[in-house]
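Work through the exercises below with the sequence and the model open. Each task is followed by a solution in steps.

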Amino acid sequence: MKPITLIATLGSSPAVLTETLYMLHKQGDWPVKEIKIITTSHGAEVINKALFSYGTKRKGGFYQLCEELKISPHDIDVQTGDNLVGVTGPDGAPLTDIRNSQDDERMATAIQHAVKQACANSERRVFGLLSGGRKTMSAHLMAAMQLFGRLNDRMIHVLVSEPFETMPDFFFPTSEKRVLSSPYSDQSADASRATIDLIDIPFIRLRSYLEHQIDFSKSYGEITAEIDEKLSTATSYPVQHLLIDLQGSAICVNGLS
């Protein structure tokens, strides 16, 4: 089975990444060889602190997961620390959040580029994780996967049982008992008793239908504009009935010969 590139839009709840990796490994959808994280500059700070810190007293969730699954963190290509940066604008200024249409356009461009680049690698499967970040980030990821995704690529969403969703120190169900507390209440729970559902999101893969009609090396905007034009033409002049008469040397389209 081909290795996986996981594209994840993440925000202030980075545990969806470790939860997803845990379930992919458990279900045998492995190896994940590369993780592309798309986030803001604020998201990068939160993700680094929660997942990729490596201190003597506490390891980040990603390194905890690697120990749990008995895999080397070096086996997965993922940007961490100073190499994990948020999306930037044309002027190089970091995008701290998505608050207007210009911010959203920057984020959309970054997502589209990441998906297009990943899906151009025939040696990898591409999984898009919808669970993190702003809703518009998930929407752009879905749209890009619909256009560039191939037959073996997937869209996935992860759900964790209560009350672990609100516990910042929960990253995956542990094999041994580990009691966690919520900062928002007096509630505590054992992480080993948590359950996670990994949901496949069905999506229309347009690439297999359009690849021989459209140049996929173009930009996302150019490709979608060309698709819109083709669909508009097909809607205005639909071929509802086609008859080819070889003996009579005639072609009949919608009753007109």
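**Exercise 1.** Leaving aside its neighbours within four places in sequence, which residues is Arg 150 in contact with?

Solution. The model is predicted: local features need pLDDT of at least 70, side-chain atom pairs count only at pLDDT 80 or more, and totals for chains, interfaces and linings use all residues. Residues are numbered from 1 along each chain as its sequence is written, and side-chain values use heavy atoms, without hydrogens and water.

Step 1. List the contacts (heavy atoms within 4.5 Å): Ala 118, Cys 119, Asn 121, Ser 122, Arg 124, Arg 125, Val 126, Arg 205 and Arg 207.

Step 2. Look at the side chain of Arg 150: it reaches the backbone oxygen of Cys 119 at 3.1 Å and that of Arg 124 at 2.8 Å.

**Exercise 2.** Check the span of helix α1 (residues 15–26) and state why α1 is described as largely enclosed.

Solution. Step 1. The expected span is 1.5 Å times one less than the number of residues.

Step 1. Buried means under 20% relative accessible area (1.4 Å probe, protein chains only). In α1, 10 of the 12 residues are buried, so the rest of the structure largely encloses the helix. Among them are Ala 15, Glu 19 and Leu 24.

Step 2. Past the helix, Gly 28 follows α1 with a positive phi, near 85°.

Terms used. Helices (H or I, at least four residues) and strands (E, at least two) are DSSP runs, numbered from the N terminus. Buried means under 20% relative accessible area, exposed over 50%, partly exposed in between (1.4 Å probe, protein chains only). A polar contact is a pair of N or O atoms within 3.5 Å; within protein, one must be able to donate a hydrogen and the other to accept it, and residues adjacent in sequence count only if both atoms are side-chain atoms.
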